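Here are my notes on the model you sent over. Have it open while you read.

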Amino acid sequence: MNNFDYYNPVHVIFGAGELSRLGTEAGKIGKKICLVSYKELTCLHGLMQRIRRLLEKEGLEIIPFFEAEPNPEIETIKKGAALCKREQVDLIIGVGGGSAMDAAKAIAAGVCYEGDLWNMVYSRHDAIQAIPPVEALPTLMIPTLPATGSEMNNCAVLTNRTLGEKSYIWGNCLYPKVSIIDPELTLTLPAYQTACAAADTISHVLEIYLNGEEDSDLQHYFQEGVMRTVMDNVGKVLADPENLSARSHLQWAATCAINGWASPGDAWTPMHQIGHVLTTRHKIPHGASLSIMMPAWMEYMADRRKTQYYRFAVNVMQINPDHKSKNEVIREGIIAFKSFLKEIGVPVSLQAMNIEPADLPAIVQDVIKISFNEKGVLHANPPATANDVMRVLEVAF
Ligand SMILES: [Fe+2]
């Protein structure tokens with residue numbers, strides 16, 4: 001079992017109807033609030049009006065910043081941070097999916113940061129100079145999408161269009177002070193976004209399950225629990241979008257998948273690293289990039305970690321191992337997982353996203369540039385070479 005430090009100070013308020021506590025909870029932290037959300041607010045219009053009423057009822061002042069885009073860009077973060085400085089806000093509230101919450105976090109850090117805000121971001125050729133943020137304004141998160149878990153972790157993902165890079169910032173100052181996780185806010189989420197969110201949640205634990213330390217009993221049971229919870233509930237939601245119970249399970253699973261509980265001492269995200277390049281170069285939604293990468297990675301890598309892939313087949317995909325060889329069980333597990341992804345309606349091939357074989361070398365080069373470590377490999381267990389990444393992408397066709 002790994003040694004680890006664990007720290008998570010987020011005050012989580014979870015449950016249907018809990019958004020009603022927003023004004024009181026926000027008022028305990030600040031008085032002048034920057035409200036961060038998306039450019040196109042049509043689907044969140046009613047929610048925003050309700051949030052305004054809850055905050056104004058407590059006498060709180062609101063500065064709107066509805067400029068976050070999917071995969072928030074560093075230029076937007078700079079603009080938001082400048083607004084918050086100018087207006088001297090003392091609390092930032094992020095409303096939306098991971099992109100809105102990540103924008104809120106990055107803006108909160110950007111307000112207190114000296115120098116170019118892109119220096120906060122880890123990427124391969126910036127890694128030496130990356131200076132993580134150590135101070136940030138307090139944030140309060142209101143997730144409307146059960147996926148990224150940004151509401152309970154210390155990470156944000158930003159994009160630099162000029163450099164063509166998507167990468168992370170980390171820092172304990174990025175933990176939200178409070179997160180109000182109200183599953184009622186996900187009831188109107190369309191089927192495709194719900195399915196992509198489910199794939200993203202599964203990927204957050206699956207990557208570590210398949211790449212991390214094998215001697216981690218509680219961790220593996222926890223990861224299996226997250227994956228089973230998503231698999232048991234996403235179908236119910238797709239059949240009945242207003243199933244609040246199933247929506248609640250998806251929401252809590254998403255938060256717990258990536259708040260540190262499922263991965264103490266392990267941090268493995270090779271599929272995400274390839275997925276980020278697919279998003280940046282080919283505009284594939286984050287969850288869809290993972291639904292494509294997961295089965296391809298598994299098909300290619302299974303022989304290298306047979307114990308974990310066998311365990312996945314039996315404990316997660318519930319394959320009956322009786323009278324079958326280890327390899328047969330492993331293969332059945334991967335096939336069953338791919339079938340599950342197809343059934344919920346997410347893509348499982350690059351072809352489905354109009355990517356051509358000729359696009360692959362440039363994708364591999366970007367993965368090398370952004371995510372390969374100083375030893376010239378992608379952080380995975382065992383480490384993945386450039387040839388491995390190419391082969392995985394080929395399997396993904
Ligand atoms: Fe993700």
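This is a predicted model: local features need pLDDT of at least 70, side-chain atom pairs count only at pLDDT 80 or more; totals for chains, interfaces and linings use all residues.

1. The iron ion's site is irregular, with angles among its four donor atoms running from 84 to 168°.

2. Who holds the metal? The iron ion is coordinated by Asp200 through OD, and by His204, His272 and His286, each through NE2. Those donors sit at 2.1 to 2.2 Å. Along the sequence, the spacing of the donor residues reads D-x3-H-x67-H-x13-H.

3. Asp200 and His272 are both buried.

4. Have a look at Thr255 too, which you'll find in helix α7 (residues 244–257). Thr255 has a relative accessible area of 0%, so it counts as buried. Setting aside neighbours within four places in sequence, Thr255 is in contact with Gly149, Glu151, Met152 and Ile181.

5. Over in strand β2 (residues 32–38) there's Ile33. Is Ile33 buried or exposed? Buried, because its relative accessible area is 0%. Neighbours within four places aside, its contacts include Ala26, Leu55, Leu60, Ile62, Val89 and Ile93, and Glu61 is also one of them.

6. For a sense of distance, Ile33 and Gly265 are 35 Å apart in space, C-alpha to C-alpha, and 232 residues apart in sequence.

Technical notes: Residues are numbered from 1 along each chain as its sequence is written. Side-chain values use heavy atoms; hydrogens and water are left out. Donors are N, O and S atoms within 2.8 Å of the metal (3.2 Å for Na, K and Ca); water is not among the atoms, so sites may look incomplete. Four donors count as tetrahedral if all angles lie between 85 and 135 degrees; four count as square planar and six as octahedral if opposite donors are over 155 degrees apart and all others between 65 and 115; anything else is irregular. Buried means under 20% relative accessible area, exposed over 50%, partly exposed in between (1.4 Å probe, protein chains only). Helices (H or I, at least four residues) and strands (E, at least two) are DSSP runs, numbered from the N terminus. Contact means heavy atoms within 4.5 Å.
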